Structure formats: structure tokens, C-alpha cells
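Please examine the model shown below before reading on. The paragraphs that follow proceed from the overall fold to individual side chains.

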Amino acid sequence: MILMIQFVVLLLLNIGGANLCSLELRNNIEALQETNSKQIESMVRCTMEEEIGDIKQKITKYETFINDRLKMDLQQVLLDRDQVYQDISDYLELRNNIEALQETNSKQIESMVNLGQEFFARAKIPDTSKVVVNVGLDFYFEFSLDEALVFIEQKEQLLNKKAEILTNKSMMIKSQIKMMLHMIHELMEISENN
């Protein structure tokens, strides 16, 4: 556009009547500049509106990602970690019961057994030298009391490592959420400033 204005100026000057055309030329140049500045202003306004629209789309996209993906992932990781903690608690209770059996040296015991849904029944255990332990994936194995204690110790170490991994994973997801929220905040500031 500027080249076109320069071309028009040179053309008018070369045609002759520079003084006569000079006033007319100035008026034409001013009119062109005013038209150009309005067009440029309009283009900038449109570009800014498009950018604000893009920013609002990005904000919506980030919020959706946080709510649909990151928060759901965090919730699942925390549920998995809670289950690991429950398993650790169950193995700790089993260890305490086995140690109590070893201390009392009783050959048989009577107990109340939870059948499920908080229904209990009396049970008589004639031989307390062996216990059946859930080794995982609903597989049960019969151990002597000493073997069960060794297995429980190893299982607790494994579960503690798993709980630590899940805790680290939850912290990573929380940091991703914070980072995304910070990005949204910055994008909102940009859109408000424009």
C-alpha cells in the first residue's frame, strides 16, 4: 500500500503542475493514509478479537482437560493408594494375630468369623500351626506360622513401595493441575488486558 502511494506521488509529480497537484496530492495522500490507518486499525481489532477467541477456546480446552482427565486420574490414583493402605492394614492385623497365636502356644482356638456383610459365625479351629493367606489375585496358600510371617513382611515391603509410587504419581498429577490452572490464569489476564 505504501509503495502504491509513493508511485502515485511520483506519477503526479512527473506529469507536471507540481504546485497545482501538490495540494491535491497532499489531500489524496492524507485520505489514503486515513483510509489505510482505519483499515489497519480494523485488521488489528479483528486479529485481537480472533486472538481473544482463541484464548477463550484454549481456556475452555484446558479446563475440560483438567476436569475430565487430570482430576479423574488423581481420583483413581488416590483410590488405588487407599486400597494399598487397606491391604497393608490387613496384613498388619494378620501378623499381629499370628504373633499372638505363637505367644499363646494354643493348639486350637474358638473365634467369631465374619462371613461377609457383617454376619458372624462361631468357628472352631482345631489346628493353629498353619494359616491360609491370600497371596494376591484371590489365590490362597497355606503357610506355617513362621513362613506366613516371612511372606507378610515381604508383602508389606512391596505394598509400601507401591503406596510410595502412587503417592508420587498423585503429587505429579497435582502439580500438573496447578500448572494448568496457572496457565489458565495467565491466559485470562492476557484476554482481560486486550
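Both Y91 and F151 are buried, a label given to residues under 20% relative accessible area, with exposed meaning over 50% and partly exposed the range in between (1.4 Å probe, protein chains only). This is a predicted model, in which local features need pLDDT of at least 70 and side-chain atom pairs count only at pLDDT 80 or more, while totals for chains, interfaces and linings use all residues. Residues are numbered from 1 along each chain as its sequence is written, and side-chain values use heavy atoms, with hydrogens and water left out.

The structure holds 3 aromatic pairs; rings of Phe, Tyr and Trp (its six-membered ring) are paired if their centres lie within 6.5 Å, and planes under 30 degrees apart count as stacked, over 60 as edge-to-face and the rest as tilted. Y91 and F151 form an edge-to-face pair, with 6.3 Å from centre to centre and 65 degrees between the planes. Because Y91 lies in helix 2 (residues 18-104) and F151 in helix 3 (residues 145-193), this pair ties together parts that are 60 residues apart in sequence. Y91 and F151 also belong to one aromatic cluster with F141 and F143.

The overall arrangement may now be considered. The protein has 3 helices and 4 strands, where helices (H or I, at least four residues) and strands (E, at least two) are DSSP runs numbered from the N terminus. From the N terminus on, the elements follow the order α-α-β-β-β-β-α. Of the contacts in the protein with a separation of 6 or more, 57% are between residues 24 or more positions apart; a contact requires heavy atoms within 4.5 Å. Buried residues make up 21% of the 194 residues. The protein exposes about 15,000 Å², of which carbon and sulfur atoms supply 56%; accessible areas come from the Shrake-Rupley method with a 1.4 Å probe, and for residues only the protein chains shown count as cover.

In soluble globular proteins, nonpolar side chains tend to be buried together. Which residues touch the most other members of the largest nonpolar core? Among the 27 residues of this core, they are I98, V131 and V133. A nonpolar core is here a set of buried Ala, Val, Leu, Ile, Met, Phe, Trp, Tyr and Cys residues joined through side-chain atoms within 4.5 Å. Helix 2, strand 3 (130-136) and helix 3 are the elements that give two or more residues to this core, and helix 3 gives the most, with 13 residues. Leaving aside neighbours within four places in sequence, V131 is in contact with I98, F141, E142, F143, L145 and A148.

S170 lies in helix 3 and is buried, with a relative accessible area of 2%. Not counting residues up to four places away in sequence, S170 touches L74, V77, L78 and R81. S144, by comparison, is found in strand 4 (residues 139-144) and counts as partly exposed at 21% relative accessibility. Beyond its neighbours within four places in sequence, S144 is in contact with S129 and K130. The C-alpha atoms of S144 and I98 are 9.9 Å apart in space, although the residues are 46 apart in sequence.

In one, E156 is joined to R95, with the closest N and O atoms 1.9 Å apart. E156 lies in helix 3 and R95 in helix 2, so this pair ties together parts that are 61 residues apart in sequence. E156 is buried, with a relative accessible area of 8%, whereas R95 is partly exposed at 24%. D73 forms a salt bridge with R69, the closest N and O atoms being 3.0 Å apart. These two residues are 4 apart in helix 2 and therefore separated by about one helical turn. D73 is partly exposed at 28% relative accessibility, as is R69 at 47%.

The surface also carries nonpolar side chains. V113, L115 and F119 form a nonpolar patch with about 320 Å² of accessible area together. Patches consist of residues with over 30% relative accessible area and no salt bridge, like charges being joined within 9 Å and nonpolar side chains (Val, Leu, Ile, Met, Phe, Trp, Tyr) within 5 Å. L115 has its place in strand 1 (residues 109-116) and is exposed, with a relative accessible area of 62%.

Methods
A salt bridge is a side-chain nitrogen of Lys or Arg within 4 Å of a carboxyl oxygen of Asp or Glu.
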